[in-house]
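Here's a quick tour of helix packing and a chain-to-chain contact. Have the viewer open as you read.

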Amino acid sequence: MSHWVILPVVLPAILAPFIVLAARYHVGIQRVLSVTGVIALIAITAGLASQASDGTVTLYQLGDWAAPFGIVVVADRLSTMMVLLTAVLSLFVLLYAIGSGWDERGRHFHALYQFQLMGIMGAFLTGDLFNLFVFFEVLLIASYGLMIHAGGNARLRAGVQYVLFNLLGSTLFLFALGAIYAETGTLNMADLAQRVTLIDADATVGIRIASVLLILVFAIKAAVVPLHFWLPSSYAEAPAPVAALFAIMTKVGAYAIIRVYTLVFPPDLAVTEGLHGLWLLPAALISLAIGMVGVLAAKKLDRLVAFAVIGSMGMVMVAIALFSQLGIAAALYYILHSTLAAAALFLITDLVRASRGHLELTTTPPVAGAALTAGLFFVAAIAMTGLPPLSGFVGKLLILDAAFTTPLAIWTWAIILSASLVSVVGFARAGSTVFWKAQSVEPDPEAEPHPAPSALSYAAVGGLVAMLILLTVFAGQVHRYTTTMAEQLFAPDDYISTVLDTPGKLSKPTTEDH
Amino acid sequence: MELLVASAIGILTAAGLYLVLRLRTFPVILGVSLLTYAVNVFLFSSGRLKVGAPPILSDATNYTDPLPQALVLTAIVISFGMTAVVVMIALGSYLGSNDDNVNDPKIETEEPEDLI
């Protein structure tokens, strides 16, 4: 059995304590270890992705215990793409944290960063709902530390809100898991997929409640309106590299919805029929609208980006809520795009803060490095708002195309298109106020000039923008791949049989001990 | 016993929710703790209520499901750790800004003159 599948979880899990214990007082060594670890993660996850690209589902049984009893890690096309995305994103974010010196403004940044990666990777790879909960907690507890990294009263306040909201989310998750276990007697996703179909049509109350509780938990993670209130403060007050890494955390929620609601509770399942389509699509459309209106209403650049994240998650959820192959394929493409675009925007926001000293949307005199920052903001804003020629436009076209034949097509089209217009206006206003009108203000001769951000910071942001451009250039190939991913998701027999039929310890219970 | 356990979970949840909605950090943290107690008991009962049976296969007729007990153990450890974290962060926030409201503070900004 190949042990490669578990490595994306194990490597950060070993590296993080090592950084704390061995390199506690040496930021230089921490940086080297952290960057090396992330580069190794990219290599490993790229290997896993290429292994899964032909449709094989790789199973890893921890301790060789067989599936419904033991813990399993499963790598299929979707999981491996998400772990690869996480690894690539984390490299650029880490480089930015090093280049801008954020990692030196508090202690244990690199160790927490590795723990955070461990949690995210685990959440993407696990094949068991309770382990999904455990990895959610791992990534959350690391994110609490990262969120209040470098301290400050405003950040601590936002941190309290963030922690409390997520604690409530975790409690809800446990209620959902308890209800599912009481109804089916298993928490392994593949096993669950089989047992849910056996439930009587007139005894579906429990499983319906459990399924709705579960989607609520994932909707909290994905910041779907009206469960989005934790996001703006947390993301705006978090240190910029952390906020950029958090761009993948909302996608963990989206991923969990895709995984559970195609595998365990597929749209054509009788016991949960009509539960999600009824309100998930309207909620997603409202999040899209509220996010983009927030972009227009924001008075500070960091809030503006945070609302853009809500809007883009709304867009992702619109595509997911269609629960069709076309929709999921479009959603997966848009997830790739929106993660990279949101991360780039958070980092650019920090470049602005570094050179201007504040983020209010007011005109200030020209500052060092403004031209390059403005150029990057321009590209990232075009991508985020979905203007041609960048990947946001391609993703939006795919989603519109997927929504074309659905009953709510008119609403979907109208809200997506008008929300995009509103966000274009919002970003254009912010960009012209912050960058363009700077020339019209007389510089204050006595003001202390801020130093320009370092070259490494620009390189990291440039890398993210380059990934966006690559995503646009290779849009055809990427979309073809996400289409095969959606096909695999909607034909889960292979996944289920791989998980349940692979022999291991205890795989064949004898008659007297089952 | 079913009635007792069910009403215990219900009362704990109701009290927890009430406290969470108080919007000051101390009651909210108490409320979250009550909610985690409620969910722990709930997880316990998800393996069916059974008295006097070991969670181990000694003879195949009389045993109780051991999995919920393992789940509860994990959940207790996690919620204990999380509560400790939130107490520390809330204390830091309270000492820093001398205010224990959970909500965002009202933003007192002077309107810039060029906007009026």
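How are α6(A) and α8(A) oriented to each other, roughly parallel or roughly antiparallel?

## Ground rules

This is a predicted model, where local features need pLDDT of at least 70, side-chain atom pairs count only at pLDDT 80 or more, and totals for chains, interfaces and linings use all residues. Residues are numbered from 1 along each chain as its sequence is written, while chains are lettered from A and ligands numbered from 1 in the order in which they are written.

## α6 and α8 of chain A

The axes of α6 (153-184) and α8 (205-221) of chain A come within 8 Å and cross at roughly 155 degrees, with axes being lines fitted to C-alpha atoms over the stretch in contact and angles running from 0 to 180 degrees between N-to-C directions. The two helices are therefore roughly antiparallel (over 145 degrees). Helices here are DSSP runs (H or I, at least four residues), numbered from the N terminus.

Residues meeting here include A:Phe173 and A:Ala176 from α6(A), and A:Leu213 and A:Val217 from α8(A). Contact means C-beta atoms, placed from the backbone, within 7 Å. By class, this contact has 15 nonpolar, 2 polar and 1 charged residues (nonpolar: Ala, Val, Leu, Ile, Met, Phe, Trp, Tyr, Cys and Pro; charged: Asp, Glu, Lys and Arg; polar: the others, Gly among them).

## Chain B against chain A

The contact takes 30 residues from chain B and 26 from chain A. On the chain B side, α2 (25-45) and α3 (67-97) each give two or more residues, and α3(B) supplies the largest share, 15 residues. That side has 20 nonpolar, 9 polar and 1 charged residues.

Terms used
Two residues are in contact if their C-beta atoms, placed from the backbone, lie within 7 Å. Angles under 35 degrees count as roughly parallel, over 145 as roughly antiparallel, 65 to 115 as roughly perpendicular and the rest as oblique.
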